[in-house]
Amino acid sequence: MVNYQRRAMFYLGFHRALCLSRCCFFLYTADLAHVVARHGLSLHQYADDCQVYTSSPVVGAPAAVDQLSTCLVDAEAWLKASRLRLNPGKTQVMWLGSQQLLSRLDIADMSVLSTRIPVQETARDLGIVIDSRLTLSDHVAAVC
């Protein structure tokens, strides 16, 4: 499916209160999934890291970016009400797909809460370096 659609992954860094353990943080932020689902997006949570992502064809990429931006505004409002905050400095944006599809995209950055986040070629996720073409060549180079 990656050959036909583009997936935008947004890694959201949350500031976790020091008194919360990682398990408690996950339980504390469980309702965040409802905020993300209202926008038709998907959410993965790992310890104190959350990932919001979506898939779209190349022609729908600008609409997907707008959808994600709107979701992040709502997520930030929910986090503030829960005494947490979104950390734009730890947020990463990455397009995943084939080289042919990636060459047709002209979106180089995204606005996240009035901060411009550049699109990355690679990102570290749970200890694995993921590259935008999903070849894992950057991970192999990092390990070796």
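Predicted model: local features only at pLDDT ≥ 70, side-chain atom pairs only at ≥ 80, totals over all residues.
## Contacts along the chain

## Elements and surface

The protein has eight strands and five helices. Their order along the sequence is β-α-α-β-β-α-β-α-β-β-β-β-α.

Of its 144 residues, 43% count as buried. The accessible surface is about 8,100 Å². Carbon and sulfur atoms account for 55% of that area.

## Helix 3

Helix 3 covers residues 61-81, 21 residues in total.

Several of its residues are buried, among them Ala61, Ala64, Val65, Leu68, Leu72, Ala75, Trp78 and Leu79. The buried set also includes Ser69, Cys71 and Glu76. Just after the helix, arginine 83 adopts a positive phi of about 60 degrees.

## The largest nonpolar core

The largest nonpolar core holds 27 residues. Leu32, Trp95 and Met110 touch the most other members. Two or more residues come from each of helix 2 (32-37), strand 3 (49-56), helix 3, strand 4 (85-96), helix 4 (99-103) and strand 5 (109-112). Helix 3 gives the largest share, eight residues.

In soluble globular proteins, nonpolar side chains tend to be buried together.

Key:
Residues numbered from 1 in each chain as written. Heavy atoms only, no water. Helix = DSSP H or I, 4+ residues; strand = E, 2+ residues; numbered from the N terminus. Buried < 20%, exposed > 50% of the residue type's maximum accessible area, 1.4 Å probe, protein only. Areas by Shrake-Rupley, 256 points an atom, 1.4 Å probe, with all protein chains shown as cover. Expected span 1.5 Å × (residues − 1). Core = buried A, V, L, I, M, F, W, Y, C linked by side-chain atoms within 4.5 Å.
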